[in-house]
Amino acid sequence: MNRDLLVLPGLARFTSLALLALRLLTGGFLIHGVWDNVTSAQRMDEFVGFLATNGFPAPEMLAPLSAWTQLIAGALLVLGLLTRWAGLIIALTFVVAVIGVHWYQSFREWWPAIARAAIGFVFATIGPGGWSLDAMLARQRR
Amino acid sequence: MTPRALLFLPALARFADAALLALRLITGGFLVWAMWPNISNAETMREVIGYFAASGFVWPEFFAPLSAWAQFAIGIALILGLLTRWTGLLLAFNFTIGMIMVHWHDSFRDQWPALSLLFIGLLLATTGGGRFAIDRRIETGRR
């Protein structure tokens with residue numbers, strides 16, 4: 001049988017498009033998820049309480065740090081700027097969330113966080129693809 | 001390390017295949033875990049058929065088992081890295097239908113599980129499974 005029909009190598013030409021789509025979705029979701037925390041003191045207080053309930057140390061410091069980190073990493077993903085750093089930060093943030101918040105829950109409850117950890121790892125290694133500010137800056141340097 | 005290497009971390013590209021393996025194992029493992037109760041328990045499958053009917057699907061008795069078995073098979077194929085691009089396309093198609101029929105009016109937070117699976121499917125449909133996938137052996141013709 002034709003190997004190309006089995007493994008569809010021709011689809012590799014759309015990798016940058018798929019990376020752009022996943023960046024926009026994940027970045028947009030991260031920004032959406034913490035927007036109320038960074039724009040409302042009351043929602044930030046609720047997030048501090050959530051972290052305290054889950055046994056995190058120094059929740060008054062960690063809550064704003066986590067919210068702002070997710071906001072900035074989300075914006076960097078959308079832009080495709082410093083994408084590998086953003087991916088590392090996202091992977092680390094959501095590995096901590098899985099361990100610190102979801103550890104005793106079901107896989108279904110793990111999924112929203114562990115998917116972001118895995119996606120972060122993908123961006124940390126594969127990078128943002130051709131349709132990104134990182135790629136634009138790399139082209140300008142050449 | 002040059003400032004440029006520190007900013008853009010190109011050295012991390014060497015772990016891309018490991019990241020694709022992790023993404024395949026986590027996504028495939030999740031699908032297998034989520035679908036196992038549906039395909040192994042007739043009562044659970046009847047509940048899923050009812051859920052499909054309530055969501056407006058035609059022929060729920062046909063499409064509920066089809067979707068459950070398809071997701072289970074997609075999960076196994078992702079874990080193995082077998083026909084990954086086809087699998088990614090199927091995953092994206094399955095959750096496009098799920099988004100339209102079930103999650104359209106949900107909040108972004110509630111859409112995330114299905115949307116993330118849809119876009120992970122699109123990514124794997126283009127990148128393939130990476131070096132640690134059975135597909136690589138098919139590509140290179142090795143046994």
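Okay, let me start with one detail: R46(B) makes a salt bridge with E43(B), and their closest N and O atoms are 3.0 Å apart. Keep in mind that what we're looking at is a predicted model. Both R46(B) and E43(B) sit in helix α3 of chain B, residues 42-54. They're 3 residues apart, which is about one turn of the helix. If you search the whole structure, you get 6 salt bridges over all chains.

So what does chain B look like overall? In secondary structure, chain B has 7 helices and 0 strands. Going along the sequence, chain B reads α-α-α-α-α-α-α. Its C-alpha trace spans about 60 × 40 × 20 Å along the principal axes.

Now over to chain A. Here, too, the count is 7 helices and 0 strands, and chain A reads α-α-α-α-α-α-α along the sequence. The C-alpha atoms of chain A fill a box of roughly 55 × 40 × 20 Å, again taken along the principal axes.

Okay, on to where the chains meet. For chain B and chain A, that's about 4,000 Å² buried between them, with 78% of it on carbon and sulfur atoms. Which residues of chain B lose the most area to chain A? Those are F8(B), F108(B) and W112(B), and together they account for 17% of what that side buries.

What about charges and polar atoms? Between chain B and chain A, the salt bridge count is 0. Polar contacts do turn up, though: 10 residue pairs across the interface, both residues at pLDDT 80 or more.

Let me stay on the chain B side of that contact.

Chain B has a nonpolar surface patch of about 420 Å², made by L25(B), I76(B), I79(B), L80(B), L82(B) and I134(B). Helix α4 of chain B, residues 60-80, gives the largest share of that patch, with 3 residues. And if you're looking for L25(B), you'll find that residue in helix α2 of chain B.

To recap the contact: about 4,000 Å² is buried between the two chains, with 0 salt bridges between them and 10 residue pairs in polar contact. That's my tour, thanks.

Note on methods. Residues numbered from 1 in each chain as written. Chains lettered and ligands numbered in written order. Predicted model: local features only at pLDDT ≥ 70, side-chain atom pairs only at ≥ 80, totals over all residues. Heavy atoms only, no water. Buried area = accessible area lost by both parts, 1.4 Å probe. Salt bridge = Lys/Arg side-chain N within 4 Å of Asp/Glu carboxyl O. Polar contact = N/O pair within 3.5 Å; in protein donor to acceptor, adjacent residues only side chain to side chain. Patch = residues over 30% accessible without salt bridge, like charges linked within 9 Å, V, L, I, M, F, W, Y side chains within 5 Å. Areas by Shrake-Rupley, 256 points an atom, 1.4 Å probe, with all protein chains shown as cover. Helix = DSSP H or I, 4+ residues; strand = E, 2+ residues; numbered from the N terminus.
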